[in-house]
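Dear colleague,

I am passing on the structure below for your own work. Please look through it first, and then read the notes that follow it.

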Amino acid sequence: MELESILAYLRNKTILITGATGFLAMVFVEKILRVQPDVKRLYLLLRATDAESAAYRMKNEILGKELFKVLRETRGEDFDSFISQKVVALPGDVSFENLGVKDVILMKNMCTEIQIIVSSAANTKFDERYDISLSINTFGVLHMLSFANKCLKLEMLLHISTAYVCGEKVGLILEDSTSMNNRVKKMPRFDFEVVEKNLVNEKLNELRTQDVSEEVITNTMKDLGIERAKLHGWPNTYVFTKAMGEALLNHHSKNNLPFVIVRPPIVSSTYSEPFPGWVQGYRTIDSVIAGYCKGKLTRLLLDPMTICDMIPVDMVVNSIIAAIVVNANKSSGIIYHMGSSLRNPIKFYDIRSFAFKYFTKYPWINKDEKPIVVRKISTFKTLATFHMYMKIRYSLPLKLVNKVSGQSFQDVYAKYNRKLRLAMRMVELYRPYLLFKGMYVCFYLIIINKIVSFLIMY
């Protein structure tokens, strides 16, 4: 399949993108508008109360980003006119039926126009409130599927999941859902649509009856999510709710529904498109690198030999476009792993060495305009050794000082003890990925690599 046929497929297409303010979705939108200006229309689903609010969010949170500077330069004075013709800011929310779209006429038009759906809406916090994660990552998929079944011209529903729905599986991880579906079916009742929703509602009613503060409700619901995830074999709320979302898609999709699932691992900044190095905020590994270059992170729970499966966001987007084109109008249900841990692995040991060499040559300059001197980060290969270090280095001295002072500095003690507990919670959340022992098989991705190479060259 040549580049011309890829672009020809996208010509005059109407595409719905959910989670449009997300990192991956924004890069997808920019790519489509840049390489195929003859696309008919992009509907961007945005959490907003009305069209005006949605348009404001699109202008400030999407189009106003540096990401769109190449497109702005290319279109020149025509940019705003081009966007108004091609892009619709759609107020809605995947947490609700009909995606929260209230305009009946607009909904009817969408159902007769939309040919491609890119389901990108997600809450990616590892320890988000369970009710929020469920509503977006799990039941949001059901709402999307319900809408997709109403689309008369639908050619492809592409659902963006995560490679880490596998949990903490060891060894080769295949591009299928067999293992995950079996684990879901081992839950007390497979009908978790009812079980988990009822559990959340009961807990929320109980808390409100007790008239507790919003902070208590938030913390309790966060703990409930982690508890439910670990009970069923997943390390955190995010991957557990995403796994249930995948299971619902596979379980409820009709035989003739053309859909695929893509599972990217850690998504990093752009490699080349529309220019190198663009990233939105701190991504998963970025916060670790930022802490290291500023001299604040000197030790870390990490197995240096663990493979760190990262992929630049523009490469993910190219693969998504290729997957759409190849599988359009086919009820394939194919799952694509979008990593390189098996074919082209990079270990944390290598990243540690790269970071040390880079920040030694190009040090971070602090507020006093002095360079920060970095050293190779020390690592702990097990959670037990890390806990022991934290106890000896911080916890015991803190308790000792508080006791010797006759608790004269109780406020200070409480402050640093909270910080210590927060640090340990974050370590526990990231532990599965810093000590991960799996490798992703990317057989289906290899098949479409030629198409991806065409998109990269464009």
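In the largest nonpolar core, which has 103 residues, Phe-28, Leu-33, Leu-158 and Ile-320 touch the most other members; such a core is a set of buried Ala, Val, Leu, Ile, Met, Phe, Trp, Tyr and Cys residues joined through side-chain atoms within 4.5 Å. A residue is called buried under 20% relative accessible area, exposed over 50% and partly exposed in between, with a 1.4 Å probe and protein chains only. Leaving aside residues up to four places away in sequence, Ile-320 touches Leu-24, Phe-28, Leu-158, Ile-160, Val-262 and Met-338, where contact means heavy atoms within 4.5 Å. A second, separate core of 27 residues includes Ile-117, Leu-249, Leu-257 and Ile-261.

Please bear in mind that this is a predicted model, in which local features need pLDDT of at least 70 and side-chain atom pairs count only at pLDDT 80 or more, while totals for chains, interfaces and linings use all residues. Residues are numbered from 1 along each chain as its sequence is written, and side-chain values use heavy atoms, with hydrogens and water left out.

Helix α10 (residues 214-231) has 18 residues and reaches 25 Å from its first C-alpha to its last, close to the expected 26 Å, the expected span being 1.5 Å times one less than the number of residues. Helices (H or I, at least four residues) and strands (E, at least two) are DSSP runs, numbered from the N terminus. Among the buried residues of α10 are Ile-217, Met-221, Leu-224 and Arg-228, and the buried residues of this helix pack against α7 (130-148), α9 (192-209), α11 (237-252) and α16 (410-434). After α10 comes Gly-233, whose phi is positive, near 100 degrees.

The structure also holds 18 aromatic pairs, meaning rings of Phe, Tyr and Trp (its six-membered ring) with centres within 6.5 Å, counted as stacked if the planes are under 30 degrees apart, edge-to-face if over 60 and tilted for the rest. The rings of Trp-234 and Phe-240 form a tilted pair, because their centres are 5.4 Å apart and their planes at 40 degrees; Trp-234 and Phe-240 are both buried. Tyr-336 and Tyr-444 form an edge-to-face pair, at 6.3 Å centre to centre and 70 degrees between the planes. Since Tyr-336 lies in strand β11 (residues 335-337) and Tyr-444 in helix α17 (residues 443-447), this pair ties together parts that are 108 residues apart in sequence. Tyr-336 counts as buried at 2% relative accessibility, whereas Tyr-444, at 30%, counts as partly exposed.

With best regards
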